[in-house]
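Here is a short briefing to read alongside the model. Please keep the sequence and the 3D view open as you go.

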Amino acid sequence: MGVTVVLIVDRDEQTRLRTARFIRERLEDVSVLTANSLATARDAVENQTVDVVVTGYTLGDGNGLELADYVRKTSPGTGCILYTDSESVDTDSFEDVVVEFVGKESPDAAETLAALIEQAGVELTQASYPVPEAERERLEAADQFLTIRAEIVPVGERLAGLAVDHFDASA
């Protein structure tokens, strides 16, 4: 397995650097990037491969759920972890955004965060790829292909049998 790229996003510099240092010390094969705002984090996700985004909730120019929503739409395989104090997190307008959540003041919060990052490096977290708008049409085309294939396979098998017989070859 390669290096896991983790983006730590927090408006507070000390918190951001402390979290980045802990992750670097705790996990092997990890590259840690940092960002202090929603705009800077979006830029990082757009311009480089990021495997896991760890974000605070309040970012100054937006919030961590807005970032998670953006990441899900632009890079659906990227894991998102909301790592924040027990602030009042407004989830009403983000009910479709699924993220892991770790409260900073919970027991073993940093270890829990490290375990989630480690897991995300091996497999996708709760990210699900968005369903294309034309999913129904895609499924109908796949069904139509299977129907056509079912009609063609016996003909192909018969032709192959004739070729084997005609050329005295083994099947």
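Asp108 sits in the loop between β5 (100-103) and α4 (109-122); helices (H or I, at least four residues) and strands (E, at least two) are DSSP runs, numbered from the N terminus. This is a predicted model, in which local features need pLDDT of at least 70 and side-chain atom pairs count only at pLDDT 80 or more, while totals for chains, interfaces and linings use all residues. Residues are numbered from 1 along each chain as its sequence is written, and side-chain values use heavy atoms, with hydrogens and water left out.

**Positive phi at two aspartates**

- Asp108 is not a glycine, yet its phi is positive, at about 60°.
- With a relative accessibility of 58%, Asp108 counts as exposed (buried means under 20% relative accessible area, exposed over 50%, and partly exposed in between, with a 1.4 Å probe and protein chains only).
- Asp168 also has a positive phi without being a glycine, here of about 50°.
- You will find Asp168 in the segment after α5 (135-166), and its relative accessible area of 73% makes it exposed.

**Salt bridges**

- How many salt bridges does a search of the whole structure find? There are three, each defined as a side-chain nitrogen of Lys or Arg within 4 Å of a carboxyl oxygen of Asp or Glu.
- Lys104 pairs with Asp10, and their closest N and O atoms are 3.0 Å apart.
- Lys104 belongs to the loop between β5 and α4, and Asp10 to the loop between β1 (4-9) and α1 (13-26), so this pair ties together parts that lie 94 residues apart in sequence.
- Asp10 is buried, at a relative accessible area of 10%.
- Arg26 bridges to Glu111, with 2.8 Å between the closest N and O atoms.
- That pair links distant parts of the chain, since Arg26 is in helix α1 and Glu111 in helix α4, 85 residues apart.
- Arg26 is partly exposed at 33% relative accessible area, and Glu111 is partly exposed at 35%.
- Asp69 and Lys73 form a salt bridge whose closest N and O atoms are 3.2 Å apart.
- Asp69 and Lys73 are four residues apart in helix α3, and therefore about one helical turn separates them.
- Asp69 is partly exposed, with a relative accessible area of 24%, whereas Lys73 counts as exposed at 62%.

- Thr15 is part of helix α1 and counts as buried, at 13% relative accessibility.
- Setting aside neighbours within four places in sequence, Thr15 is in contact with Asp10 and Lys104, contact meaning heavy atoms within 4.5 Å.
- Asp10 and Lys104 are themselves salt-bridge partners.

**Packing of α2 on α3**

- Helix α2 (residues 38-47) packs with helix α3 (residues 64-74) at an angle of about 15°, and the axes are 10 Å apart; axes are lines fitted to C-alpha atoms, for helices over the stretch in contact, and angles run from 0 to 180 degrees between N-to-C directions.
- α2 and α3 are therefore roughly parallel to each other (angles under 35 degrees count as roughly parallel, over 145 as roughly antiparallel, 65 to 115 as roughly perpendicular and the rest as oblique).
- On the α2 side the contact is made by Leu38, Ala41, Arg42, Val45 and Glu46, and on the α3 side by Glu66, Leu67, Tyr70, Val71 and Thr74.
- The residues of this contact divide into six nonpolar, one polar and three charged, where Ala, Val, Leu, Ile, Met, Phe, Trp, Tyr, Cys and Pro count as nonpolar, Asp, Glu, Lys and Arg as charged, and the others, Gly among them, as polar.
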